Amino acid sequence: MNIKFEFDIYHDDYQRAGSASSEIKKYLAQIGLSPKLIRKIVISSYEAEMNVVIHSFGGKLKIEIEDNHISLTSVDTGPGIENIDLALTEGYSTASQKVREMGFGAGMGLPNMKKNSDTFEIESSPKGSIVKLSWVIV
Amino acid sequence: MKVLHLLQDKSFQLVTGKDLDNEINGIYSGDLLSWVMSHAKAQDAWCTVLTHVNIVAIASLVQLSCIIICENAQIDVDTIEKAKQENIIIIKTKLNSVEVMKKLMTTHA
């Protein structure tokens, strides 16, 4: 099995935000992954999706499912993360007041993704950020 | 306890949702989406004053049994529409989250 999905994510699109993660969840349930693993993946994909919506100029969320391995990659077009160490600190957020009023901006996005994945890699420049996560299917 | 048992108490009104046999196994209160997503358990009822459309995504992703909108917070029309599409139950109440919990612990224990 080698299945790939790719979703376009738009800056400031709070209406559609979460729909990629919903699609991912439905598919993972269909192929019979454990609820525990599905939860980890969809928490991560939702956080990745919201990071692109809130903080980037737009980007893509990609998921690849193989026999015993799942990888999720978020790629955006900037403006990049100024300080990755700070962004990985629980509670640190650069989200605007407007975004916080909607319940986002808890400063838990990247920490939640890291906590819920088996491997976590991030690289960022003013041209954009790439976050790669993966899980082993056991 | 099932959602329909909660609705027998007139403090709670159903806004949308059909699966009133959904079990409520616990309750979680919070208004930070990331926090709720990582700490609420499947089948929890979620007490919040957030009402925009993303609450439906959270409830669906972590399989919460229902969303209880506290303190008569005004619910966005888009949120209700999305909840219908995703089959998520929304209940509203004038109570705050602490009062909801007290009620659940005393009358539905």
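1. Let's begin with a strand pair in chain A. In this predicted model, β1(A) pairs with β2 (residues 59–66) of chain A in the antiparallel sense, over 8 bridges. If you want a place to start looking, find A:I9, which stands opposite A:G59 in β2(A).

2. That pair belongs to an open sheet of 5 strands in chain A, ordered β1-β2-β3-β5-β4, with antiparallel pairing. At the edges are β1 (2–9) and β4 (119–125) of chain A, each of which pairs on one side only. From one strand to the next, the twist averages 10°.

3. Next, have a look at helix α1 (residues 19–30) of chain A. This helix lies across β1, β2 and β3 (69–76) of chain A, and runs at about 165° to β1(A).

4. Now for the interface. Here 23 residues of chain B are in contact with 23 residues of chain A. The area buried between the two chains is about 1,800 Å², and carbon and sulfur atoms give 55% of that. On the chain B side, B:M37, B:N54 and B:L61 lose the most area to chain A, together 30% of what that side buries.

5. What about polar links between the chains? The rule finds 9 residue pairs in polar contact across the interface of chain B and chain A (both at pLDDT 80 or more), while the count of salt bridges is 0.

6. Finally, which helices of chain B each supply at least two residues of the side that touches chain A? They are α2 (33–39), α3 (54–61) and α4 (77–86) of chain B. The largest share, 6 residues, comes from α2(B). By class, this side of chain B has 12 nonpolar, 7 polar and 4 charged residues.

How values were computed. Residues are numbered from 1 along each chain as its sequence is written. Chains are lettered from A and ligands numbered from 1 in the order in which they are written. This is a predicted model: local features need pLDDT of at least 70, side-chain atom pairs count only at pLDDT 80 or more; totals for chains, interfaces and linings use all residues. Side-chain values use heavy atoms; hydrogens and water are left out. Two strands pair if DSSP finds at least two bridges between them. Helices (H or I, at least four residues) and strands (E, at least two) are DSSP runs, numbered from the N terminus. Axes are lines fitted to C-alpha atoms, for helices over the stretch in contact, and angles run from 0 to 180 degrees between N-to-C directions. Contact means heavy atoms within 4.5 Å. Buried area is the accessible area (1.4 Å probe) that two parts lose on being put together, summed over both. A salt bridge is a side-chain nitrogen of Lys or Arg within 4 Å of a carboxyl oxygen of Asp or Glu. A polar contact is a pair of N or O atoms within 3.5 Å; within protein, one must be able to donate a hydrogen and the other to accept it, and residues adjacent in sequence count only if both atoms are side-chain atoms. Ala, Val, Leu, Ile, Met, Phe, Trp, Tyr, Cys and Pro count as nonpolar, Asp, Glu, Lys and Arg as charged, and the others, Gly among them, as polar.
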